[in-house]
Amino acid sequence: MEIPSALVDKLRSAQRVVVLTGAGVSAESGVPTFRQAQTGLWARYDPQSLATAAAFTANPRLVWEWYAWRRSLVAQAAPNPGHYALAKLEQRIPEFSLITQNVDGLHQRAGSHKIIELHGNIQRTKCFDEHTVIETWQEHTDVPPRCPHCGGMLRPDVVWFGESLPPEALEAAWEAVEHCELFFTIGTSGVVEPAASLPNLALQAGAVVVEINPQPTPQTRLASYIIRGPSGVLLPELIARTWPNFP
Ligand code: NAD
C-alpha cells in the first residue's frame, strides 16, 4: 500500500501529534487481538465475558488463569517494527502522545516514553477489594494470589468491561487530542468506548485523522488518509519516507 506524499509532508512539519493504538499493533508480535480466534484451552471462552468484575467474582480462578496465560504470551512476545517506529516518531515530534488501549507493555519495551495507558497494564495486579497496586506476587500459592496487606484477592490491574478508566489517563488523553494537529488511529477496531470517540474529538479539534488498519472500522469515515495493511510494515515505511536520514 502506497503511503500518500501529502501525508508524508504533513507529518514532516507537524508539531503536535497524537497516536491511538489498539491490539492490532501487537498482533505481529504474536499477541492475539480479542477478535482473533482464541487458541487451545481458551478457544471456547469469549474474552469479553472473562474481562469483567462479575466473571472474576463468579470464578476468580478461571479469570486469574486466563490472565496468567495472556501474561505468559506477552512475556514471550517482543516489540515488532511498528512499536519501534512509534518510539522513533516520538523523538521527531515536539509535542507527542501515544495513547494506548493495549495492556501488554510492548510500547514501553520498544522505547516509547510519552505513553498514556487507558486500560492499565497486565504486568501489574491490584487488590480486588482495596485497589492497592501490587507489583510482585507469588504465582503458585493461592490462585488467585492474596493481597499482602488485607488478604483480599489479587486481580490484574487492567480496566475490565463495565469499569471506569483511570481518570488521570483519560484527562491526559482528552487534553492531548484537543490540541493535536495530526491524529493516527492504528490497529484498533474502534468499538470500545471512550477510546472510540477520540478520532471524532480530534476531527472536531481541527486535526487531520489518519487510519492505519487492514480492515475498515466505524471511524474510517472520519479519516482523511486511510492506509490499509499491517502496522508492523506500514509504520516503519512511513518513518523512512518522512525522515529518510533518521537511523
Ligand atoms: P480489537 O481486537 O477490537 O481490534 C484489533 C484491530 O486491529 C482490528 O481493527 C484489526 O483489523 C486490526 N489489526 C489486526 N492486525 C493488525 C495489524 N497487523 N496491524 C494493524 N492493525 C491490525 O482491539 P482494540 O480495538 O484494541 O480493542 C480491544 C480491547 O481489548 C482493548 O480494550 C484492549 O485493552 C484489549 N486487548 C489488548 C491487547 C493487548 O494489550 N495487546 C490484546 C487484546 C485485547
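How many salt bridges does the count come to? Going by the rule that a side-chain nitrogen of Lys or Arg lies within 4 Å of a carboxyl oxygen of Asp or Glu, the count comes to nine salt bridges. The model here is a predicted one, so local features need pLDDT of at least 70 and side-chain atom pairs count only at pLDDT 80 or more, while totals for chains, interfaces and linings use all residues. Residues are numbered from 1 along each chain as its sequence is written, and side-chain values use heavy atoms, with hydrogens and water left out.

One of these salt bridges brings together the side chains of E181 and R16, at 3.7 Å from N to O. The two partners come from distant parts of the chain, 165 residues apart: R16 sits in strand 1 (residues 16-21), and E181 sits in the loop between helix 8 and strand 7. Helices and strands here are DSSP runs numbered from the N terminus (helices are H or I with at least four residues, strands are E with at least two). How covered are the two partners? E181 counts as buried at 17% relative accessibility, whereas R16 is partly exposed at 30%. For these words, buried means under 20% relative accessible area, exposed means over 50%, and partly exposed is what falls in between, with a 1.4 Å probe and protein chains only.

Strand 1 and strand 7 pair in the parallel sense over five bridges, and V19 has F184 in strand 7 as its bridge partner. Two strands are said to pair if DSSP finds at least two bridges between them. Strand 7 (residues 182-186) in turn pairs with strand 8, again in the parallel sense and over five bridges, with I186 standing opposite I212.

Which way do the residues of strand 7 point? L182, F184 and I186 point one way, F183 and T185 point the other way, and all are buried.

Elsewhere, an open sheet of three strands has the order 5-4-6, with antiparallel pairing. Strand 5 (133-134) and strand 6 (154-158) stand at the edges with a single partner strand each, so one side of each has no neighbour in the sheet. Strand 4 (residues 120-127) pairs with strand 6 in the antiparallel sense over five bridges, and T125 stands opposite P156 in strand 6.

The side chains of K126 and D157 meet in one, at 3.8 Å from N to O. K126 lies in strand 4 and D157 in strand 6, so this pair ties together parts that are 31 residues apart in sequence. Both partners are covered: K126 is buried at 16% relative accessible area, and D157 is buried at 12%. The two belong to a network of salt bridges that links E117, R124, K126 and D157. R155 and E163 form another salt bridge, at 2.8 Å from N to O. R155 is buried, with a relative accessible area of 3%, but E163 counts as partly exposed at 27%.

Most residues other than glycine have a negative phi, and most peptide bonds are trans. H131, though, has a positive phi near 65°, and its place is in the loop between strand 4 and strand 5. The peptide bond from V143 to P144 is cis, with omega near -5°, and P144 is found in the loop between strand 5 and strand 6. Another cis peptide bond joins E193 and P194, with omega about 0°; P194 is found in the loop between strand 7 and helix 9 (198-204).
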